[in-house]
Structures are given as C-alpha cells and as structure tokens.
Amino acid sequence: MDLTKIRAARPRFKRLRTKLSVLYAGLFVVALVLLAFVAQVMIGNHARDSVRAELTTSGSVYDRLWALRAQSLSSSADVLARDFGFRAAVASGDRPTIASALANLATRASVSAAYVVDNDGQVTGPSGALESALAPFPFAVPEGRNDAVVAVGGDVYRLVLSPVLAPTRIGWVVFAVRLDAAEMRALERLSSIPLIATMMQRDATGHWQATDRSIRSSRAIDALVERSQSGRALATLDLAAGRAFALAKPLAGTGRKPQAAILIRYPLDAALAPYLPLQGGIALAGLVGLLLVLFGSSRLARSIAKPIAALDTAAKALEQGSRVPAIVEGTDEIGRLAASFNRMAAGIVDRENRISHLAFHDPLTSLPNRIYFREALDQAISQVGRHGLAHGGGTVAVLCLDLDRFKGINDTLGHPIGDALLAAVGRRLADVAPDGLVARLGGDEYAIILSGPCEPDRPRALAQALLDALRDPVEAEDHLIATGISIGIAIGPADGDTADELLKNADLALYRAKEDGRGVFRFFEPALDAAARERHQVELDLRDAIRDGQFVLNYQPVFDLKANRIGGFEALLRWHHPTRGLVPPLAFIPIAEETGLIVAIGAWVLHEACREAVHWPDHVRVAVNVSPLQFRNAGFQAIVLQALANSGLSPDRLEIEITESIFLEGEAPVVALLHRLREMGIRVALDDFGTGYSSLSYLRSFPFDKIKIDRSFVTGVACDPSAAAIVRAIVDLATALHMETTAEGVEDIDQLERLRDEGCGNIQGYLFSRPVESRHIAGLLGRVMLKAA
C-alpha cells in the first residue's frame, strides 16, 4: 500500500461521504479510529519483525563468511606448512628463511602478520605486542579447533594455526588477522541493508565495550553477549546514537570465555523509515474516510479486522521462525498488503540459501559463476606459487571452453532451446572433469580449473576427453543438437602467476583454437604446444613401430643364488627408432598405455619372449612385465595361450610380472584371472613389492609364486640397518607363504653378500649383467656354467 494507491481511491470514498454523514457518522468515527490504531500497531510490528528476520539472515551469512575465511586462511597456512624447504628451515631453526617465507605468505593471504611457533614456544615473526601472546597460543587452543580470537594490547586479532609436520609436529604456522574498523566495514558492505558492525572486547571490569570506544559498556550489551554464547539472540539496545536492533556473535578464544565479540546492529529509525509514507497514507485515508463513510460501516470494519487478524497471526508465526501464510480474500489495499506480506515471508525463509547460492552460482546451469571461479583460481594460484612448484606443489591449469556455432542454434531454435543446451553441456562437462572445477563464465563460455599435483599430460588428456564428449549430439528440450567446443589452455605459474593473467592467456589460446578451425584445443605457450605435438608424433611413431617391427627385446638375467646359476631372464622392451635412435622406455611406455597401444605392444612382447625362451635350457624361465591396461584387456588370457601355443614353450617357464596398481579398479576380477593363469601352469610374480599401500593385503588375496623386492630397499641393504630389516622381513614373509624372492638392482658384492645372508633366493642387477640382446644369451649361459663347473 503506498500514497499513489491511496490517492487513486479518493473518488470512491467521496461518493460514500454523504451517506455516512447522517446516521452512522459517530459510529464510524469510533470504528475508524480503532481500525487506524490497530493498523498502525500491525505495521509497526510488521516492520520490526521484518527487520529482525533480515538481521537474523545477515547474521547467518556472516557466520558462513567467517567460516569460509577460516578455511581459506587454514588452506594458505597448510600450503606453507607442507612445503619441504619451509619444514627444513623450521626444523633447523633457520629464522631468516622462516621470516622471509612468513612475510611472503602474509602478503599473499592478506593478513596482518604470520608467525611460526615451535614446540618449545619460541616465536618467529614480526616483533610486537602480539608476539608474547603467541607463545602459549598453540598449546591453549582447544582440541578439534585451529583458530581463536584474542585481545592483545587493546586490539583484537583472529589467529589461525596449522601444524608443521616433518613427519612429526615440529611447530605451527600462525596467521594473525587484526579485526579492526576496516574489517568491520568490509562486513557491513556484504549486507543489503545498512547494518553497522562493531568489534567488542572486555574491559578491565569484565564489561563489554567497543574497541573504538564508539559504544559504552552497559548491562544490556553484557546480557546480549552472554545469551549469544548458547545460541543466536536478538535484542533492542538503547545506545547514544539511538535505539537499534542488535545481535552479538561471541568469537571463540583460547579459554572458556570469549575475549571478543562482533555486535551487529540496525538503527530503529532506519528500519522504520520505509514505513513512514505508509503510515502517513493510512492517516490520510482515515481523514478522507471520515467524510466518505456511509451505511455498512460495521461490515467494512469486519472486512478489515479479519485480514488484519490474519496478518497478525502470520507475523507472530514468522517471529517464531515458522511461516504461516496470511489468507486474505479480495484485491483491495489490505489484500495486496497481505499478498506482499506472504511473498516477503516466503523470501525471508528462502533468502539465506538463495543469497549464498546466487552469489556464487550460475542460475541457468547451477555451475559456479565467474565470481566463484575467480576466487577459486586465486586460491589455487596462492596454494601452488612458484616456490610450491619447485618442491612438487603442482600446477594450475585453466581451460577456457566456448561452444561452436551457438549463435546459429539460438537464432534457429530459439533462446529457450539454447538455454537448455547450455545446461545440458554444463552437466556433460562436469561429468567428464570430476577432478576439476567447472564454471560457466557467461554466455556460451565455460572454464575449468585443474590444480594441485597431477600428471603433466592431464590438461591435454582432459581437453581431448571434452572434445570427444561433445562430438556426440546433445539432447535439449527433445532436440538432438550437434555441437562442439573449442578449448584454450594456460598453465600457471609458467603462463601467468595471477588469475587475470592466466585467464587472459587461456582466452588467447581459445581464440587461436577457433582460428585453427574450431573443435580443437590449443596451449598458450608455444613450447607447451610443441610438447603436445611431440607427444602426438610419438603416438604416430608408435603405430609405425608396431607395423614396421621397430621393437626388440633385451634380457636381463636373474641369478639363482641357491642353484648358483641363471634361473631366468626378464624381457625388457627397446625401441630402435629409424631417426631418433634408441628411445628410452620412459619416453614412450606412458604414451602407449594412455593411448591403448600398450595392448598391441604387450601382445608382441609376449609372443617374442616365448619364441626366444623356447631355445633356452629347460630350467631357464622368461619373465614378462604386464601393464594394468594390458591385463584388464578381455582377450589377455587368449593372447597368453596363443603365445605359448605358437612357440611351444612350457607354461611353467613363463612368468607374468604385475604391480599392485592392477588391483586398483577392482580386486575380484583380477584375482579370478590370476587363478586362471595359475591353473594353466603360468607363474605370477608381484613386482615392486613394498612400494604401494596395500601390498600385504594382496598377498592374502592371491598366492603369488614370487615377490620382487624393489631396488629402493636393495640399494642401502649393506649399509642401512633399516633397509636390511625390511629385506629380512620380506624374505621371512615370502618363506612363510612359500614364495620365492628376487632382489632388484644389485650392483655390488656387499649387497650380494648381505642378500645371501638374509636368505634371498634370486638377484637381478648390473653386478651380474646388464640387459643383453637375445644373440648373447647362449654365450652368457655358457660362461656362467663354466664358472660354476
């Protein structure tokens, strides 16, 4: 109800004036005065209830922002706390290095200061009054928390700590954020209503007062803070600046009682100001009504009293935290007021969730929006940083995606179909990139963040997967729409150490992808693009190598210590490229596995190894490494049978070597296939034993014929008691399970003698022989037999 609507109703009231003036003027005066009074009371109550609900909602939003800020600071501190160089500096007491790292971290995290507190309570960081309060802080923080608010020297600080582990705790990284007037103004700007935030702390007498002395202590404030410690409480305070609605948020400190609290208030005058025109309008309507009243005033009173009662009931329910709609029939001013009230009540109930969601998500696709994306990208860059990258902290990759021919789809099928297509594409992108943050930046533009430790080729692989996923038509509103995407990739910090720079460079790469014909992806850095092209060329060369027979096998002997002779050979793949020369396995095996070419290459290795081994003495076995992709291939067992049948090699002379990564995608199918191979007579060995997380559990699942002790344990077996103990434990375990053992990487006599003393059955390494071509095997066997004789 507003003044414009009141003025529009004046002619109707004037027509009634003459009828009321004769009989019911006095009665109407009494009724109208009473009605005006009730209406004014209801409007006042409604205004107060609305402000209370808005203040409660803002308080909840502040709580979430407080928690998000704590999480962000904790994540920033964790990045530094996990840094190897920083941990080494803390462990060695290198204060200059610690101070430099803390200064850099404080600047990146936008905090007042950063400190390190060691286990003895020694504090490293900027000097000042806060330094003395930090020494006991890590030991005083209650269990399960990593932050607290403390008052020091008249100032209030928020402290966030993160342990430094190496591997046991050697100290803590502590952030200090000064909760001053600037922080309070930042909180005020987050609200849609003119709220005032003030930092409070206890004075010498135990009363609460503002740190900036803008609010004096009072019993009402003390009582409000006390009630707020057990739940959210609202109060009306009489302050020097006037009456105000207020709520308090005690800030947890190191002790049982908080040392500081935030007081959020809404001046009562500002809350009631929007209702002044409405109150004036009601008063004016009453004066005009006195002149226009006529027969039926009692009926008019009843028609007004009923909706007001409904509004009162709904207002009381809303005050208690529930929502009861005000049921009012009619389209007059009261009916419209009730409809507005119902809409407002529904909005208050849903506002907290909508504020949080709409602020950070795109309403069409429900994906993170540009604001969320920028904050996530800033955080990812701060976590990695150049120092973190140097110590294995990973990279940040930004993929900018743009739908091809989207404007034509919008123009042809209409905007509703276009919106449905955008939502469907967003869901498909999220499905393909579960390890990334998928966001819609606007229009038909999307972006993905890949951060943290990951495979160097992950951005390229993800981009290719996205292209493949969008090549199939997308269903939108019963339409199958053929579309595609172009992708630009920038990798930080090499391509940029800020969010703006990284996003700009990814956009430049996207433009280049469009210029190259759309439906492709391009890297921003020419060097990275060249690396991607080189990888593609290796893939093409691998296909040629399979077709042209460029692969050969070398064999490294496995020496049987108990029989004092060669007991077998491990087949090792070598690639003789016509122009590159000898290509190291690490340069092409990962590419072969990722592209699936390892299946064809592995089949060739099995056939070739069996064909060569059939000419060796009967006691000499051949061991072939099998990749997880090759092992999970449905035709693997048939390939093994075919290799044995074509060569005539006895199955007990073939040994399949696997690593525990084969079990990662499901243990039951793998164990079933291993049992089928064992039933054929083929031996199975577990390679790189002890380097994974679940090696012992796999020994329970399947009785392997052999355990291969990883070279990382063998290297120090002669000089490191712990390495020798591990080898002894593995040998004892294998003996108890009736399994053989082979030690890899044996390079000197001391290692050999120690392994022999520990009971190891077989050795393999450069001490005995490097890998040799098949034509040298006969001579190698002859020399060993001659030495044994």
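Q: How many cavities of 30 Å³ or more are there?
A: The count is 3. A cavity here is a set of points on a 1 Å grid over the protein atoms alone where a 1.4 Å probe fits but cannot get out, and its lining residues have an atom within 4 Å of a point.

Q: What am I looking at, by the way?
A: This is a predicted model, where local features need pLDDT of at least 70, side-chain atom pairs count only at pLDDT 80 or more, and totals for chains, interfaces and linings use all residues. Residues are numbered from 1 along each chain as its sequence is written, and side-chain values use heavy atoms, with hydrogens and water left out.

Q: OK. How much space lies in the largest cavity?
A: About 60 Å³, where a volume is the space filled by probe spheres set on the grid points, joined across faces, edges and corners.

Q: Which residues line the largest cavity?
A: Asp180, Ala181, Met184, Arg185, Ala197, Thr198, Met199, Thr211 and Asp212. Helix α8 (181-189) and strand β6 (196-202) each give at least two residues to that lining; helices (H or I, at least four residues) and strands (E, at least two) are DSSP runs numbered from the N terminus.

Q: And the second largest cavity, what is its volume?
A: About 40 Å³. Its lining consists of Ser76, Leu105, Arg108, Ala109, Ser382 and Gln383. Two or more of these come from each of α5 (95-109) and α14 (370-390), and α5 has the largest share, with 3 residues.

Q: Switching topic: how many disulfides does the structure hold?
A: The number is 0, a disulfide being a pair of cysteine sulfur atoms within 2.5 Å.

Q: Cysteine 400, is that one buried or exposed?
A: Cysteine 400 is buried, at a relative accessible area of 0%. Buried means under 20% relative accessible area, exposed over 50%, and partly exposed in between (1.4 Å probe, protein chains only).

Q: Last one, helix α23. Which of its residues are buried?
A: Phe636, Ile639, Val640, Ala643, Leu644 and Ser647 are the buried residues of α23. They lie on the same side of α23 because they cover an arc of only 130° around the axis, taken from the directions from the helix axis to the C-beta atoms.

Q: What is exposed on the other side of α23?
A: Ala645 and Asn646.

Definitions and conventions:
On a 1 Å grid over the protein atoms alone, a cavity is a set of points where a 1.4 Å probe fits but cannot get out, and a pocket is an open set with protein on both sides within 12 Å along at least five of seven lines; lining residues have an atom within 4 Å of a point.
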